[in-house]
Amino acid sequence: MDNQRLIKDCIKGIPQAQRQLYEQFSESMLAVCYRYTKSVPDAEDVMQEGFIKVFRNIGQFKFQGELGGWIRRIMVNTALNYLKKNRNYQSDLSFLDSGMHPVSDDNPEIMLSAKDLADLIRQLPTGYQTIFNLYAVEGFNHVEIGKMLGINEGTSRSQYARARGLLISWLEKQTPERKTESYVRQ
Amino acid sequence: MSDNKFEKQVQQKMDELKITPSGGTWEKIEAGIRSQRRRRFPIWLPALLLLAVGGSYFVYQALDNRSGPLNGSAVDLPSTAGDISDAVKESTGSVLEPAAGNDQAVALGDADNKEALIGDNLSVPGTKTMHAAERKGSDVREQAPVKKPSTDLFRSRRSEPSGQENNKADKVRRPIEDRDEQDPFNKATPLQPALDDTGNAGKGLSEENIAGIKENDKEAGEEEKIDAAAPLKEGFTLPSANEVDLAESDEKQMPSPMVNKNKRAGGNWQWGVSANAGMAFVSEGAGLHFDQVVVEDISMSAPPMMGPSFAPSPPSAIPGPSFTPSDPAAIRPGFAFTAGLVVKRKLSDKIFVSGGLSYAQYNTRARVGERVERSQIVNSGVMGYQNVGSYFLNARTHNYSNRYHFAELPLALHVKLNRSEKTPFYVNAGGYLGKLISSNNLHFDGTNAVYYKDESFLNKTQAGASAGFSVVAFNQRAASLWIGPSLRYSFSPLLKKSVSGSKRLVMPSLDIRLFFNK
């Protein structure tokens, strides 16, 4: 069944189609949610909520792009809302603009598996983790991230740089290469 | 998006990442979907059934009028014991004498009776009606008893001057042959003058009138459509006998065939005012689904994943309203009304068309949080990001009324379901075209969990259908009042299709129209 037919059946509320759509995207969407949360149950909660939104709003899908991209966007938005709502993340989800941010030119080769890299990203503080995911993985720019999170563009840039630097340092601990890092005023 | 090698590696790695959900996840999602699935109780079904029944009744009536004289099932029966006695005497050829104390005899001898015959259907179910062809040359007194008005009917209409009544054409329920002046029945019984050829009290009929009727009987072949249930109005001049299709009236079990004043005025426009008052609902989907309808999350309308943004930088560094419920508020019904001018035109005895111009206001309600007078960048989905001057928090602390102001052009067809002219009953069906004048409708940004106003998301032109029933009061007075339930359903989505094509305005209401009779 092609996606267009699948979507139409989902709009009609046909359970088999919904199940098929879920099975088609659940693994990749759980991975998205996994990157934004700190635990698998939380990721599954986000994914559940996200899929419910998907099925509720699938009538709004305009066939202007990939269905997977549309679902992924919903998952990201759901994850962001989840972080804002959930107490476990609230305290860690603060975006303070230090005015200074590290600039790293390092582009280390990532030797880790996808899962290990995701786990490494999840070890970042929630604010860093969120911005890192939005920028490096989802592809948003800092203006967009600033709007999504209600923060200044510069704050987003700063937070990302710190997240990136931290992540690279963790990665380089596993390699003999030496990192280079300099600090510049924003 | 960064062009750095590092970011590309991360992106590539993360795209490869797949994690299998634990068992039971789908079941939870499915339960969530089912619990949030709108109960699709087809509340339109009663309205549809009502329309179907009304339509069937109308069709049945129309068919019945045509096939009635042919099926031969209708039999004229005397309505009282006196009638039966009369019929027996008639059939045996004996002289008909009024029974003592029989009001019916008095009624027959009273000219006032004519009006009673005129305005009401005196056809008793089961009354045998002779076909015109069968009547030729037959002895009517043996075939068809005389129909007489009920006593109560007669008594209730005694006030009219007899002189005026003499000029009125009367309903003919008897065969033409009954009017033969050589009829021994007419000559021999004291009731003879009481019952003229048209089945009415003939006491007041002059010989000239009788002669005139006879003359016109010969012209009975000419057909003329007559509104049988026409009300008698003051100053109303009854048509002469030649306006009465005697054969037609015999064949149909219709009340008194009269030329209606409305018939003469048929085709004229009739002015009036209209008003509708009811509740405005927002329905989601193609039918009428009101449950779980929530404020539209505009941020969901965007195409998959945002591309590079060209939006300006946020005007402030103040974080958006975080830590609030992310689900939008439910849309609850609110008061709605329309008011305007309407014109009506008669297309036939049973069908009218009306149109007009009206103002409509629909209100729906939602529970939102406090209003924040601060600039905020909101995610408007397909409309991109925009800066709003104020917004409402996503809480459930305050009532907010979404108002939609429309200028509308309604058009409706009214089909009469009954025969009464005093209290006609109509089924109404039509449509309307509306233009949005203004609105303070709130939209939801699920990303920032805020509500904000933006009229540009709304579908400015709305087209819809309306259906309902009306009973008419004071129909014979200066202004007739049409009142009844109606349902308005907008076919056009409330929001632009690029935003959401699923929400529609629905308004069950009480429809009131006041038409000024000329």
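In helix 6 of chain A, which covers residues 114-122, A:Arg122 and A:Asp119 sit 3 residues apart, about one turn of the helix. In this predicted model, their side chains meet in a salt bridge, with 3.2 Å from N to O. A:Arg122 counts as buried, because its relative accessibility of 11% falls under the 20% cut-off.

A:Lys85 forms a salt bridge with A:Glu49, and the closest N and O atoms are 3.6 Å apart.

B:Glu421 and B:Lys416 form a salt bridge whose closest N and O atoms are 2.6 Å apart. B:Glu421 is buried, at 9% relative accessibility, and B:Lys416 is buried as well, with a relative accessible area of 4%.

Which residues are linked in a network of salt bridges? They are A:Arg35, A:Arg72 and A:Glu138, together with B:Asp15. Over all chains, the count comes to 16 salt bridges.

I close with the cysteines. How many disulfides does the structure hold over all chains? The number is 0. Among the cysteines, A:Cys10 counts as buried at 2% relative accessibility, and A:Cys33 is buried with a relative accessible area of 0%.

Definitions and conventions:
Residues numbered from 1 in each chain as written. Chains lettered and ligands numbered in written order. Predicted model: local features only at pLDDT ≥ 70, side-chain atom pairs only at ≥ 80, totals over all residues. Heavy atoms only, no water. Disulfide = S-S within 2.5 Å. Buried < 20%, exposed > 50% of the residue type's maximum accessible area, 1.4 Å probe, protein only. Salt bridge = Lys/Arg side-chain N within 4 Å of Asp/Glu carboxyl O. Helix = DSSP H or I, 4+ residues; strand = E, 2+ residues; numbered from the N terminus.
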